[in-house]
Amino acid sequence: MHVCLAFGCREKERLHITTPLTTRWCAHANSFARGGGATNSTCPRKGRMTATAPTTTTKDDSDVNEMKKKTKVPFPHLRDIHAYEPTTFLYNPGELHPQKIKKQDWIRVFRMALPEFTKRAKMDETVEDADVKSEVFRERFEKYLNDLNENEDEKMNVIHMCRFRDECLRRLGFYDCFRTVKREENMKALEALPRVLERLEEENAGILELVKGVFAGNIFDLGAAASQALFTDGDKGGEDDISKSFFETRDTKTDVFVVNNFDALKERWNDLTRVHEKCCIFVDNAGADVILGVLPLAREMLKRGTKVVLCANDVPSINDITIKELEELVFPTLLRMNDKDNVFKKAIESGQLACIGSGSDLPVIDLREISEPCANECLDCDLVVLIGMGRGIETNLRAEFSIDRINLGMVKHEEVAQLLNGPLYSCVCAFNAGANTV
Ligand code: MG
């Protein structure tokens, strides 16, 4: 039986949560300055794309361009910005290098994910002639991959490839072609969250159960071909089954830790004499990932008195949650949720729990270039958590920080699993005490 989070329900939205965009659950007012009121966009940014077919300009382009114009600054707790490289693995190691995964293997990873992107683009009802344009996208990205395969490109890495794919989509007008599936998954997960929290309270969940919950949620990822297959083939149970499936997944599919600093993490977590004061969490996917996996972990931090900031993409990329979705759907729902002791409501109203745009438009993150408000918000953090394969494994697994760090992610590429010497769907639990905290 496949791993099943009962994500697969394709019914139209049955919940109609109206979400006024109001007031301050975000620490920085300028997080709200985006969106709406879009005007004619300026010229699309000149990138490395060489395709010359006509592009489509949408009102959402102004969001992208606004975000790109904003100053980008480094995450303030990189131990040595000059030594920092936002890539964990080599992407073009050459035939003689001992790394077994070569350039053509990474190209295959992106090629295998392409049908899902094409499918989602084709289904995008906000784009005129989506069926034609989705094919243009497919052809352009195929050509890009073929060119990469044939030509030596020293600069090739996961960030460049993700950026090309996203820009290719945006230039054709596909600003957020995963929006429908993200919304469905967010709705279902938010409805299941109270049951998940109840059960976690009943079982008196500790850090192991919470971390495994993050892994269970992180399986959902439409950017990875293996995960797409799970999503498509899994049990199409209704939303009543989601919490049950979530726990089944947590309890049966998260036992293999391919990077395992869990004992050190547990020791630090259980040291109640120095509970972290403030934690920034760079979140990953919409739906069960952030809502059933990350929020319960964040809630436990809040109960211990830690301030928590969720840092999310400003611009949509694959099925990653965006700051707008957190502000307009997730936080308003948390405010209304009657979880035990109203932990979320109190934390949001007091500013103990906030969210902010990271400045990213990618499914990975280069911590040399985050938004200034995000960097300012992170200044007084003493813990950083990086969630998921893109941010936690493929770009920042080896990053060094001056504060405590946790990377949590499920390995959903066979190639990454090989490089970490583990099986597909093994878990990464990295923890390091910060250089300034020991
Ligand atoms: Mg993701």
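How many of the five residues of β7 are buried? In this predicted model, five of five are, and the strand is mostly covered. Strand β7 spans residues 383-387. Its residues point in two directions. Leu 383, Val 385 and Ile 387 face one way. Val 384 and Leu 386 face the other way. Residues of both sets are buried. In a regular strand, side chains alternate between the two faces of the sheet.

The chain holds 15 helices and nine strands. Of its 438 residues, 49% are buried. Contacts between residues at least 6 apart in sequence were also examined, and 79% of them join residues at least 24 apart.

Seven strands make up an open sheet. Their order is β2-β9-β8-β7-β3-β4-β5, and the pairing is mixed. Strands β2 (257-260) and β5 (353-357) stand at the edges. Each has a single partner strand, so one side of each lacks a neighbour in the sheet. From one strand to the next, the twist averages 15°.

Within this order, β7 sits between β8 and β3. Strand β3 covers residues 278-282. It runs parallel to β7, and four bridges join the two. Cys 279 has Leu 383 of β7 as its bridge partner. Phe 282 stands opposite Leu 386 in β7. Both of these β7 residues, Leu 383 and Leu 386, are buried, and they point in opposite ways from the strand.

Strand β8 pairs with β7 as well. This pairing is also parallel, and it extends over five bridges. Here Ile 387 has Leu 408 in β8 as its bridge partner. Ile 387 points the same way from β7 as Leu 383 and Val 385.

Helix α6 (residues 207-218) touches β7, β8 (404-410) and β9 (427-432). The direction of α6 makes about 45° with that of β8. Helix α9 (residues 262-269) also packs on the sheet, touching β2, β8 and β9. The direction of α9 makes about 55° with that of β9.

Two packed helices are described by the angle between their axes and the distance between the axes. The partner is α8 (residues 242-252), and the axes of α6 and α8 come within 8 Å. They cross at roughly 110°. The range from 65 to 115 degrees counts as roughly perpendicular, and α6 and α8 are therefore roughly perpendicular to each other. The crossing is right-handed. Lys 212, Gly 213 and Ala 216 of α6 meet Phe 246, Thr 249 and Arg 250 of α8. By class, this contact has two nonpolar, two polar and two charged residues.

Helix α11 passes α12 in a left-handed crossing. Phe 331, Leu 334 and Leu 335 contribute from α11. Phe 344, Lys 345 and Ile 348 contribute from α12. The contact of α11 with α12 has five nonpolar residues, no polar residues and one charged residue.

Note on methods:
Residues are numbered from 1 along each chain as its sequence is written. This is a predicted model: local features need pLDDT of at least 70, side-chain atom pairs count only at pLDDT 80 or more; totals for chains, interfaces and linings use all residues. Two strands pair if DSSP finds at least two bridges between them. Axes are lines fitted to C-alpha atoms, for helices over the stretch in contact, and angles run from 0 to 180 degrees between N-to-C directions. Two residues are in contact if their C-beta atoms, placed from the backbone, lie within 7 Å. A crossing is left-handed if the near helix is turned anticlockwise from the far one by less than a right angle, and right-handed if clockwise. Ala, Val, Leu, Ile, Met, Phe, Trp, Tyr, Cys and Pro count as nonpolar, Asp, Glu, Lys and Arg as charged, and the others, Gly among them, as polar. A residue is buried if 20 or more other C-beta atoms lie within 10 Å of its own, exposed if 12 or fewer, and partly exposed in between; C-beta atoms are placed from the backbone. Angles under 35 degrees count as roughly parallel, over 145 as roughly antiparallel, 65 to 115 as roughly perpendicular and the rest as oblique.
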